[in-house]
Amino acid sequence: MILKVARLGNPVLRLKAKPVPVEQIRSPGMQAFLEHLVETMQEYDGVGIAAPQVHVSSQIAAIGVTRNPRYPRAPKIPLTLLINPQVKTVSRAVEEDWEGCLSVEGFRGLVPRWREVEVRAYNGQGVTVHFRAKGFFARVIQHEWDHLQGKVFLDRMKNLATLTHLTEYGRFWADHG
Ligand code: NI
């Protein structure tokens with residue numbers, strides 16, 4: 001089922017999402033929600049989506065990249081579900097790159113993110129996972145983790161002058177990013 005995506009200005013995007021009790025993760029209701037969240041991400045060619053973006057203020061995010069027309073140069077990322085994630089940086093290294101968001105449709109902006117992060121979360125089966133991620137995967141993790149704190153990528157931009165309409169991004173920036 002494709003869920004409705006909340007757009008910038010919807011108060012649900014600014015709430016701090018609630019943790020999910022681990023015993024609820026395997027319930028049929030939660031399993032159906034996880035499936036719908038992933039379907040919605042794929043329908044809109046997202047590389048990640050957080051539950052608040054579909055009006056559910058819970059600490060749940062999905063990430064995954066196969067072939068994606070919105071991010072044609074993005075490296076592949078296997079489908080990853082993160083529930084109650086804790087994210088820490090591995091070093092002080094930060095890099096800037098372009099980001100967009102299904103809740104801020106039609107725009108891209110340059111956002112600084114930690115280059116490598118360490119993540120601890122439950123997966124979609126309620127099993128604890130603990131891993132490190134780098135580069136684009138680390139960037140998407142931080143973007144989705146922000147959604148769970150009520151933040152969007154615009155809040156992280158150093159310079160709003162890089163905010164770019166998608167058509168202009170394609171004309172001026174896509175090969176320079
Ligand atoms: Ni987003």
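**Pockets, pairs and rings**

Analyst: The lining of the second largest pocket has six nonpolar, one polar and five charged residues. Here Ala, Val, Leu, Ile, Met, Phe, Trp, Tyr, Cys and Pro count as nonpolar, Asp, Glu, Lys and Arg as charged, and the others, Gly among them, as polar. The model is predicted: local features need pLDDT of at least 70, side-chain atom pairs count only at pLDDT 80 or more, and totals for chains, interfaces and linings use all residues. Residues are numbered from 1 along each chain as its sequence is written, and side-chain values use heavy atoms, with hydrogens and water left out.

User: Which residues line the second largest pocket?

Analyst: Its lining consists of Lys4, Val5, Arg7, Tyr44, Arg70, Cys101, Leu102, Glu105, Gly106, Phe107, Arg108 and Leu166. A pocket is an open set of points on a 1 Å grid over the protein atoms alone, where a 1.4 Å probe fits, with protein on both sides within 12 Å along at least five of seven lines; lining residues have an atom within 4 Å of a point.

User: What makes tryptophan 98 and tyrosine 169 an edge-to-face pair?

Analyst: Their centres are 5.2 Å apart and their planes stand at 70 degrees. Rings of Phe, Tyr and Trp (its six-membered ring) pair if their centres lie within 6.5 Å; planes under 30 degrees apart count as stacked, over 60 as edge-to-face and the rest as tilted. Tryptophan 98 lies in strand E4 and tyrosine 169 in helix H4, so the pair ties together parts that are 71 residues apart in sequence.

User: Why is the pair of phenylalanine 131 and phenylalanine 137 called stacked?

Analyst: The ring centres of phenylalanine 131 and phenylalanine 137 are 5.9 Å apart and the planes meet at 15 degrees, so the pair is stacked.

User: Is phenylalanine 137 buried or exposed?

Analyst: Phenylalanine 137 is buried, at 19% relative accessibility. Buried means under 20% relative accessible area, exposed over 50%, partly exposed in between (1.4 Å probe, protein chains only). Phenylalanine 131, at 22%, counts as partly exposed. Tryptophan 98 is buried at 8%, and tyrosine 169 is buried at 10%.

User: How do you know that the charged end of arginine 108 sits over the ring of tyrosine 71?

Analyst: The charged end of arginine 108 is 4.3 Å from the ring centre of tyrosine 71. The rule asks for NZ of Lys or CZ of Arg within 6 Å of the ring centre and within 35 degrees of the ring normal. Arginine 108 also lies over the face of tyrosine 169, at 5.2 Å from the ring centre.

Notes: Helix = DSSP H or I, 4+ residues; strand = E, 2+ residues; numbered from the N terminus.
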